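Visitor: Please show me the model. I have some questions about it.

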Amino acid sequence: MSSPPPPPARRYDLDWIRVAAFMLLILYHVGMFYVPWDYHVNSPRPVEALEPIMMLTNPWRMTLLFLVSGCATRFMADSFAVQGKGRLALAGSRTLRLLPPLLFGMFVIVPPQSYYEILEAAQAMGISDPAHGPVLQDFWVRYATASGHWCDADGCLITPTYNHLWFVAYLLIYSLALALLLLVPGVRAGLQRIADRAFQGWGLVVWPLAWLFAIRWTLAPIFEVNHAIVGDWYNHALSFAAFLFGFLTARSEPARQTFMRLRWPALAIALMSWAGWATYAWVYRDTAIPPDGLREVMRLVYAADQWAFIVAILGFGARWLNHGGPVLRYLTVGVFPFYIAHQTVTVVAGHHLAKLGLPLGVEATLLVAITALGCVLTYEVARRIGWFGLLLGVKPQPRARPVQAANRPPLPA
(Lines give C-alpha, C1' and ligand atoms only; values in the text may rest on other atoms or scores of the structure.)
Protein backbone atom coordinates (compact mmCIF):
# COMPACT_ATOMS: atom_id res chain seq x y z
CA MET A 1 0.00 0.00 0.00
CA SER A 2 1.43 3.36 -1.00
CA SER A 3 1.83 5.94 1.74
CA PRO A 4 -0.08 9.22 1.48
CA PRO A 5 1.78 12.19 0.03
CA PRO A 6 3.49 14.46 2.56
CA PRO A 7 1.62 17.62 3.55
CA PRO A 8 2.66 20.90 1.92
CA ALA A 9 5.43 22.75 3.72
CA ARG A 10 3.15 25.76 3.98
CA ARG A 11 -0.62 25.87 3.94
CA TYR A 12 -1.29 28.94 1.80
CA ASP A 13 -4.89 27.78 1.50
CA LEU A 14 -5.41 28.29 5.22
CA ASP A 15 -3.90 31.77 4.99
CA TRP A 16 -6.31 32.69 2.17
CA ILE A 17 -9.29 31.19 4.00
CA ARG A 18 -8.44 33.11 7.17
CA VAL A 19 -8.14 36.36 5.22
CA ALA A 20 -11.40 35.70 3.35
CA ALA A 21 -13.23 34.80 6.58
CA PHE A 22 -12.23 38.10 8.19
CA MET A 23 -13.17 40.05 5.05
CA LEU A 24 -16.53 38.33 4.93
CA LEU A 25 -17.11 39.22 8.57
CA ILE A 26 -16.35 42.87 7.84
CA LEU A 27 -18.88 42.90 4.98
CA TYR A 28 -21.38 41.14 7.24
CA HIS A 29 -21.14 43.91 9.80
CA VAL A 30 -21.71 46.49 7.07
CA GLY A 31 -24.80 44.49 6.13
CA MET A 32 -25.95 44.57 9.76
CA PHE A 33 -26.46 48.31 9.39
CA TYR A 34 -29.11 47.67 6.74
CA VAL A 35 -31.03 44.60 7.90
CA PRO A 36 -33.88 45.09 10.40
CA TRP A 37 -32.00 43.24 13.16
CA ASP A 38 -30.75 44.57 16.46
CA TYR A 39 -27.39 46.31 15.95
CA HIS A 40 -25.50 49.20 17.53
CA VAL A 41 -26.89 51.58 14.90
CA ASN A 42 -29.37 50.87 12.14
CA SER A 43 -30.24 52.49 8.86
CA PRO A 44 -33.62 54.27 8.85
CA ARG A 45 -34.16 52.47 5.51
CA PRO A 46 -33.86 48.75 6.34
CA VAL A 47 -33.61 46.24 3.49
CA GLU A 48 -35.44 43.02 4.38
CA ALA A 49 -34.29 41.35 1.16
CA LEU A 50 -30.77 41.23 2.61
CA GLU A 51 -31.84 38.85 5.38
CA PRO A 52 -31.53 35.55 3.43
CA ILE A 53 -28.13 36.64 2.12
CA MET A 54 -26.95 37.46 5.64
CA MET A 55 -28.28 34.10 6.80
CA LEU A 56 -26.04 32.41 4.26
CA THR A 57 -23.03 32.92 6.52
CA ASN A 58 -24.67 33.01 9.96
CA PRO A 59 -24.19 29.35 10.92
CA TRP A 60 -20.52 28.98 9.98
CA ARG A 61 -18.58 32.25 9.61
CA MET A 62 -17.33 32.49 13.23
CA THR A 63 -16.88 28.72 13.55
CA LEU A 64 -14.64 28.80 10.48
CA LEU A 65 -12.60 31.63 11.99
CA PHE A 66 -12.01 29.67 15.19
CA LEU A 67 -11.08 26.59 13.14
CA VAL A 68 -8.43 28.36 11.04
CA SER A 69 -7.17 30.10 14.18
CA GLY A 70 -6.67 26.66 15.69
CA CYS A 71 -4.72 25.67 12.57
CA ALA A 72 -2.50 28.74 12.88
CA THR A 73 -1.92 27.98 16.56
CA ARG A 74 -0.75 24.48 15.59
CA PHE A 75 1.84 25.87 13.18
CA MET A 76 2.98 28.30 15.83
CA ALA A 77 3.30 25.58 18.48
CA ASP A 78 5.27 23.36 16.08
CA SER A 79 7.53 26.28 15.18
CA PHE A 80 8.29 26.90 18.86
CA ALA A 81 9.06 23.21 19.35
CA VAL A 82 11.51 23.22 16.41
CA GLN A 83 13.20 26.32 17.85
CA GLY A 84 13.55 24.61 21.22
CA LYS A 85 11.44 27.16 23.06
CA GLY A 86 9.83 26.26 26.36
CA ARG A 87 6.32 24.95 26.72
CA LEU A 88 5.06 28.31 27.96
CA ALA A 89 6.19 30.08 24.78
CA LEU A 90 2.81 29.51 23.14
CA ALA A 91 0.91 31.07 26.05
CA GLY A 92 3.29 34.04 26.13
CA SER A 93 3.07 34.63 22.40
CA ARG A 94 -0.71 34.44 22.32
CA THR A 95 -1.02 36.79 25.28
CA LEU A 96 1.34 39.33 23.70
CA ARG A 97 -0.55 39.23 20.42
CA LEU A 98 -4.13 39.23 21.69
CA LEU A 99 -4.32 40.95 25.09
CA PRO A 100 -3.02 44.44 24.09
CA PRO A 101 -5.49 44.91 21.20
CA LEU A 102 -8.31 43.57 23.36
CA LEU A 103 -7.68 46.11 26.13
CA PHE A 104 -6.91 48.96 23.71
CA GLY A 105 -10.01 48.08 21.77
CA MET A 106 -12.25 48.10 24.82
CA PHE A 107 -11.14 51.56 25.96
CA VAL A 108 -10.31 53.32 22.67
CA ILE A 109 -11.70 51.53 19.60
CA VAL A 110 -15.09 50.38 20.91
CA PRO A 111 -16.33 53.48 22.87
CA PRO A 112 -17.52 55.33 19.71
CA GLN A 113 -19.76 52.36 18.94
CA SER A 114 -21.37 52.65 22.37
CA TYR A 115 -21.62 56.43 22.04
CA TYR A 116 -23.61 56.29 18.82
CA GLU A 117 -25.69 53.37 20.07
CA ILE A 118 -26.73 55.44 23.11
CA LEU A 119 -27.25 58.53 20.94
CA GLU A 120 -29.63 56.77 18.55
CA ALA A 121 -31.48 55.02 21.38
CA ALA A 122 -31.99 58.35 23.14
CA GLN A 123 -33.24 59.98 19.96
CA ALA A 124 -35.66 57.08 19.46
CA MET A 125 -37.05 57.80 22.96
CA GLY A 126 -37.73 61.40 21.96
CA ILE A 127 -34.70 63.10 23.49
CA SER A 128 -34.00 65.77 20.90
CA ASP A 129 -30.33 66.54 21.58
CA PRO A 130 -28.79 63.80 23.74
CA ALA A 131 -25.25 64.59 22.52
CA HIS A 132 -25.32 67.93 24.39
CA GLY A 133 -27.40 66.85 27.36
CA PRO A 134 -26.83 64.72 30.47
CA VAL A 135 -27.33 61.44 28.58
CA LEU A 136 -23.83 61.58 27.09
CA GLN A 137 -22.15 64.08 29.36
CA ASP A 138 -18.63 62.95 30.36
CA PHE A 139 -19.26 59.90 28.21
CA TRP A 140 -15.82 58.31 28.11
CA VAL A 141 -15.23 58.62 31.86
CA ARG A 142 -18.59 57.08 32.59
CA TYR A 143 -17.98 54.40 29.95
CA ALA A 144 -14.54 53.45 31.27
CA THR A 145 -15.52 53.45 34.94
CA ALA A 146 -18.78 51.54 34.48
CA SER A 147 -20.62 54.46 36.06
CA GLY A 148 -22.94 55.21 33.16
CA HIS A 149 -26.61 54.23 33.34
CA TRP A 150 -27.80 53.83 29.77
CA CYS A 151 -31.05 51.92 29.61
CA ASP A 152 -34.03 51.62 27.31
CA ALA A 153 -36.89 49.17 26.82
CA ASP A 154 -34.50 46.48 25.61
CA GLY A 155 -32.23 46.63 28.66
CA CYS A 156 -29.11 48.44 29.80
CA LEU A 157 -25.73 48.92 28.15
CA ILE A 158 -22.99 47.76 30.49
CA THR A 159 -19.56 49.30 29.91
CA PRO A 160 -16.70 48.95 29.28
CA THR A 161 -17.45 46.35 26.65
CA TYR A 162 -15.62 44.58 23.85
CA ASN A 163 -18.49 44.34 21.31
CA HIS A 164 -17.10 42.67 18.15
CA LEU A 165 -13.80 41.99 19.91
CA TRP A 166 -15.44 39.12 21.77
CA PHE A 167 -13.70 36.91 19.20
CA VAL A 168 -10.31 38.17 20.44
CA ALA A 169 -11.27 37.55 24.08
CA TYR A 170 -12.46 34.03 23.34
CA LEU A 171 -9.45 33.24 21.16
CA LEU A 172 -7.13 34.33 23.97
CA ILE A 173 -8.97 32.15 26.49
CA TYR A 174 -8.94 29.12 24.19
CA SER A 175 -5.26 29.60 23.34
CA LEU A 176 -4.28 29.78 27.00
CA ALA A 177 -6.46 26.77 27.85
CA LEU A 178 -4.81 24.78 25.07
CA ALA A 179 -1.33 25.89 26.13
CA LEU A 180 -2.01 24.70 29.68
CA LEU A 181 -3.44 21.44 28.38
CA LEU A 182 -0.29 20.81 26.35
CA LEU A 183 1.80 21.10 29.52
CA VAL A 184 0.38 17.78 30.71
CA PRO A 185 2.72 14.97 29.56
CA GLY A 186 1.19 12.73 26.91
CA VAL A 187 -1.95 14.82 26.35
CA ARG A 188 -0.93 16.19 22.97
CA ALA A 189 0.11 12.81 21.61
CA GLY A 190 -3.05 11.19 22.98
CA LEU A 191 -5.35 13.81 21.47
CA GLN A 192 -3.54 13.53 18.16
CA ARG A 193 -3.94 9.72 18.08
CA ILE A 194 -7.67 10.04 18.77
CA ALA A 195 -8.05 12.70 16.07
CA ASP A 196 -6.06 10.68 13.52
CA ARG A 197 -8.33 7.68 14.06
CA ALA A 198 -11.62 9.57 14.24
CA PHE A 199 -11.15 12.02 11.40
CA GLN A 200 -10.52 9.57 8.57
CA GLY A 201 -12.65 9.43 5.43
CA TRP A 202 -16.28 10.11 6.17
CA GLY A 203 -15.41 10.38 9.87
CA LEU A 204 -14.15 13.85 9.00
CA VAL A 205 -17.76 14.75 8.20
CA VAL A 206 -19.79 12.47 10.45
CA TRP A 207 -18.19 13.11 13.85
CA PRO A 208 -18.05 16.92 13.66
CA LEU A 209 -21.62 16.94 12.34
CA ALA A 210 -22.73 14.68 15.20
CA TRP A 211 -21.10 17.06 17.69
CA LEU A 212 -22.71 20.12 16.14
CA PHE A 213 -26.10 18.45 16.15
CA ALA A 214 -25.70 17.27 19.77
CA ILE A 215 -24.84 20.71 21.13
CA ARG A 216 -27.49 22.35 18.96
CA TRP A 217 -30.05 19.93 20.39
CA THR A 218 -28.97 20.07 24.06
CA LEU A 219 -27.14 23.32 24.79
CA ALA A 220 -28.49 25.87 22.32
CA PRO A 221 -32.07 25.85 23.71
CA ILE A 222 -30.73 26.49 27.22
CA PHE A 223 -27.74 28.79 26.72
CA GLU A 224 -28.41 31.60 24.30
CA VAL A 225 -25.27 33.03 22.71
CA ASN A 226 -24.33 36.11 24.75
CA HIS A 227 -20.58 36.65 24.06
CA ALA A 228 -20.20 37.38 27.78
CA ILE A 229 -17.84 34.43 28.52
CA VAL A 230 -19.89 33.44 31.57
CA GLY A 231 -22.95 31.37 30.74
CA ASP A 232 -22.09 31.19 27.03
CA TRP A 233 -21.79 27.41 27.12
CA TYR A 234 -23.26 26.58 23.73
CA ASN A 235 -20.94 29.07 22.08
CA HIS A 236 -17.94 27.67 23.99
CA ALA A 237 -18.82 24.10 23.04
CA LEU A 238 -19.04 25.19 19.41
CA SER A 239 -16.08 27.56 19.16
CA PHE A 240 -13.53 25.76 21.33
CA ALA A 241 -14.32 22.48 19.57
CA ALA A 242 -13.70 24.17 16.19
CA PHE A 243 -10.45 25.68 17.51
CA LEU A 244 -9.27 22.29 18.80
CA PHE A 245 -10.30 20.55 15.58
CA GLY A 246 -8.20 23.01 13.58
CA PHE A 247 -5.23 22.46 15.88
CA LEU A 248 -5.41 18.66 15.56
CA THR A 249 -6.02 18.45 11.80
CA ALA A 250 -3.93 21.35 10.44
CA ARG A 251 -1.01 19.10 9.47
CA SER A 252 -3.08 16.09 8.41
CA GLU A 253 -2.59 15.33 4.73
CA PRO A 254 -5.36 12.66 4.75
CA ALA A 255 -7.75 15.29 6.11
CA ARG A 256 -6.71 17.77 3.43
CA GLN A 257 -7.22 15.17 0.71
CA THR A 258 -10.62 14.21 2.14
CA PHE A 259 -11.77 17.82 2.20
CA MET A 260 -10.82 18.15 -1.45
CA ARG A 261 -12.57 14.93 -2.41
CA LEU A 262 -15.80 15.89 -0.63
CA ARG A 263 -15.93 19.55 -1.67
CA TRP A 264 -18.66 19.22 -4.30
CA PRO A 265 -21.02 16.96 -2.28
CA ALA A 266 -20.46 19.21 0.74
CA LEU A 267 -21.33 22.31 -1.29
CA ALA A 268 -24.55 20.69 -2.53
CA ILE A 269 -25.55 19.71 1.02
CA ALA A 270 -24.63 23.19 2.28
CA LEU A 271 -26.78 25.00 -0.26
CA MET A 272 -29.77 22.72 0.30
CA SER A 273 -29.45 23.11 4.08
CA TRP A 274 -29.17 26.88 3.80
CA ALA A 275 -32.27 27.03 1.60
CA GLY A 276 -34.19 24.97 4.16
CA TRP A 277 -33.26 26.82 7.32
CA ALA A 278 -33.29 30.29 5.70
CA THR A 279 -36.85 29.61 4.50
CA TYR A 280 -37.77 28.41 7.97
CA ALA A 281 -36.23 31.51 9.60
CA TRP A 282 -37.97 33.80 7.10
CA VAL A 283 -41.42 32.24 7.58
CA TYR A 284 -41.17 32.37 11.38
CA ARG A 285 -39.22 35.64 11.61
CA ASP A 286 -41.93 37.60 13.42
CA THR A 287 -44.33 36.27 16.03
CA ALA A 288 -45.29 32.92 14.49
CA ILE A 289 -44.22 29.93 16.61
CA PRO A 290 -43.01 26.85 14.68
CA PRO A 291 -44.22 23.36 15.64
CA ASP A 292 -41.91 21.57 18.07
CA GLY A 293 -41.18 18.77 15.62
CA LEU A 294 -40.18 21.16 12.87
CA ARG A 295 -37.98 23.08 15.27
CA GLU A 296 -36.07 19.91 16.20
CA VAL A 297 -35.60 18.95 12.54
CA MET A 298 -34.24 22.40 11.81
CA ARG A 299 -31.58 21.94 14.46
CA LEU A 300 -30.18 19.11 12.35
CA VAL A 301 -30.53 21.17 9.17
CA TYR A 302 -28.68 24.09 10.82
CA ALA A 303 -25.84 21.78 11.90
CA ALA A 304 -25.62 20.31 8.39
CA ASP A 305 -25.46 23.82 6.95
CA GLN A 306 -22.71 24.71 9.42
CA TRP A 307 -20.37 21.83 8.75
CA ALA A 308 -21.07 21.29 5.05
CA PHE A 309 -20.13 24.88 4.21
CA ILE A 310 -16.91 24.57 6.22
CA VAL A 311 -16.00 21.28 4.53
CA ALA A 312 -16.67 22.82 1.11
CA ILE A 313 -14.61 25.93 1.88
CA LEU A 314 -11.67 23.89 3.19
CA GLY A 315 -11.93 21.55 0.21
CA PHE A 316 -12.04 24.22 -2.47
CA GLY A 317 -9.35 26.17 -0.65
CA ALA A 318 -7.02 23.16 -0.54
CA ARG A 319 -7.65 22.56 -4.24
CA TRP A 320 -7.28 26.08 -5.61
CA LEU A 321 -5.53 28.37 -3.11
CA ASN A 322 -2.07 26.86 -2.76
CA HIS A 323 -0.14 29.93 -3.83
CA GLY A 324 1.25 32.95 -2.02
CA GLY A 325 2.32 36.32 -3.30
CA PRO A 326 2.59 39.94 -2.15
CA VAL A 327 -1.18 40.39 -1.76
CA LEU A 328 -1.41 37.46 0.63
CA ARG A 329 1.67 38.58 2.56
CA TYR A 330 0.10 42.01 3.03
CA LEU A 331 -3.34 40.75 4.00
CA THR A 332 -2.16 37.92 6.26
CA VAL A 333 -0.78 40.48 8.68
CA GLY A 334 -3.16 43.32 7.84
CA VAL A 335 -6.47 41.53 8.24
CA PHE A 336 -6.26 41.40 12.05
CA PRO A 337 -6.00 45.22 12.48
CA PHE A 338 -8.69 45.43 9.79
CA TYR A 339 -10.91 43.38 12.07
CA ILE A 340 -10.07 45.42 15.17
CA ALA A 341 -11.00 48.75 13.56
CA HIS A 342 -13.73 47.92 11.07
CA GLN A 343 -16.89 47.94 13.18
CA THR A 344 -16.18 51.31 14.73
CA VAL A 345 -15.60 52.80 11.28
CA THR A 346 -18.84 51.25 10.01
CA VAL A 347 -20.92 52.43 12.97
CA VAL A 348 -19.64 56.03 12.91
CA ALA A 349 -19.78 56.35 9.12
CA GLY A 350 -23.19 54.69 8.90
CA HIS A 351 -24.70 57.03 11.49
CA HIS A 352 -23.52 60.15 9.64
CA LEU A 353 -24.15 58.90 6.10
CA ALA A 354 -27.76 58.11 6.99
CA LYS A 355 -28.36 61.80 7.66
CA LEU A 356 -27.33 62.86 4.14
CA GLY A 357 -30.34 61.37 2.34
CA LEU A 358 -28.24 59.82 -0.42
CA PRO A 359 -29.68 57.14 -2.72
CA LEU A 360 -29.45 53.86 -0.86
CA GLY A 361 -27.07 52.25 -3.34
CA VAL A 362 -24.72 55.23 -3.22
CA GLU A 363 -24.85 55.30 0.58
CA ALA A 364 -24.09 51.59 0.88
CA THR A 365 -21.21 51.82 -1.59
CA LEU A 366 -19.73 54.72 0.33
CA LEU A 367 -20.11 52.85 3.61
CA VAL A 368 -18.20 49.85 2.24
CA ALA A 369 -15.51 52.13 0.78
CA ILE A 370 -15.10 54.16 3.98
CA THR A 371 -14.90 51.00 6.07
CA ALA A 372 -12.24 49.54 3.74
CA LEU A 373 -10.24 52.77 3.79
CA GLY A 374 -10.42 52.96 7.58
CA CYS A 375 -9.15 49.39 7.84
CA VAL A 376 -6.19 50.02 5.52
CA LEU A 377 -5.26 53.25 7.30
CA THR A 378 -5.36 51.45 10.66
CA TYR A 379 -2.94 48.81 9.40
CA GLU A 380 -0.63 51.32 7.75
CA VAL A 381 -0.40 53.27 11.02
CA ALA A 382 0.08 50.11 13.10
CA ARG A 383 2.95 48.76 11.02
CA ARG A 384 4.87 52.04 11.36
CA ILE A 385 4.74 52.62 15.12
CA GLY A 386 6.98 49.81 16.34
CA TRP A 387 5.88 47.98 19.47
CA PHE A 388 2.87 50.27 19.84
CA GLY A 389 1.51 48.40 16.81
CA LEU A 390 0.65 45.60 19.22
CA LEU A 391 -2.27 47.76 20.36
CA LEU A 392 -3.73 47.34 16.87
CA GLY A 393 -2.74 43.70 16.42
CA VAL A 394 0.57 44.12 14.57
CA LYS A 395 3.74 42.69 16.04
CA PRO A 396 6.90 44.51 14.90
CA GLN A 397 8.55 42.56 12.11
CA PRO A 398 12.20 41.58 12.58
CA ARG A 399 14.75 42.72 10.05
CA ALA A 400 14.64 40.64 6.90
CA ARG A 401 16.84 37.57 6.99
CA PRO A 402 17.41 34.99 4.27
CA VAL A 403 14.73 32.46 5.14
CA GLN A 404 13.05 30.04 2.79
CA ALA A 405 9.43 31.19 2.50
CA ALA A 406 8.19 27.63 2.20
CA ASN A 407 9.39 26.83 5.72
CA ARG A 408 7.55 29.65 7.47
CA PRO A 409 4.28 28.74 9.20
CA PRO A 410 1.14 30.76 8.52
CA LEU A 411 0.79 33.84 10.66
CA PRO A 412 -1.88 33.35 13.35
CA ALA A 413 -4.95 35.42 13.99
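The questions and answers below go from the whole chain to single residues.

Guide: This is a predicted model, where local features need pLDDT of at least 70, side-chain atom pairs count only at pLDDT 80 or more, and totals for chains, interfaces and linings use all residues. Residues are numbered from 1 along each chain as its sequence is written, and side-chain values use heavy atoms, with hydrogens and water left out.

Visitor: How many helices and strands does the chain have?
Guide: Helices (H or I, at least four residues) and strands (E, at least two) are DSSP runs, numbered from the N terminus. On that basis, the secondary structure comes to 15 helices and 2 strands.

Visitor: What is the radius of gyration of the chain?
Guide: The radius is taken over C-alpha atoms, and the globule rule is 2.2 Å times the number of residues to the power 0.38. For 413 residues the rule gives 22 Å, and the chain is close to that, so it is as compact as a globular protein of that length. The radius of gyration of the chain is 22 Å.

Visitor: What share of the residues counts as buried?
Guide: Buried means under 20% relative accessible area, exposed over 50%, and partly exposed in between (1.4 Å probe, protein chains only). Of the 413 residues of the chain, the buried share is 49%.

Visitor: Which cysteines form the disulfide?
Guide: A disulfide is a pair of cysteine sulfur atoms within 2.5 Å. A search of the whole structure finds 1. With S to S at 1.9 Å, the bond joins C151 to C156.

Visitor: What is the handedness of that link?
Guide: The angle about the S-S bond is 105°. The link of C151 and C156 is therefore right-handed.

Visitor: Are C71 and C375 buried or exposed?
Guide: C71 has a relative accessible area of 4%, so C71 is buried. C375 has 3%, so C375 is also buried.

Visitor: Which residues does R299 contact?
Guide: R299 sits in helix α13 (residues 292–320). With a relative accessible area of 13%, R299 is buried. Contact means heavy atoms within 4.5 Å. Leaving aside neighbours within four places in sequence, R299 touches F213, R216, W217, A220 and P221.

Visitor: Which residues does K395 contact?
Guide: K395 lies in the segment after α15 (360–382). Its relative accessible area is 39%, so K395 is partly exposed. Setting aside neighbours within four places in sequence, K395 is in contact with R97 and L390.
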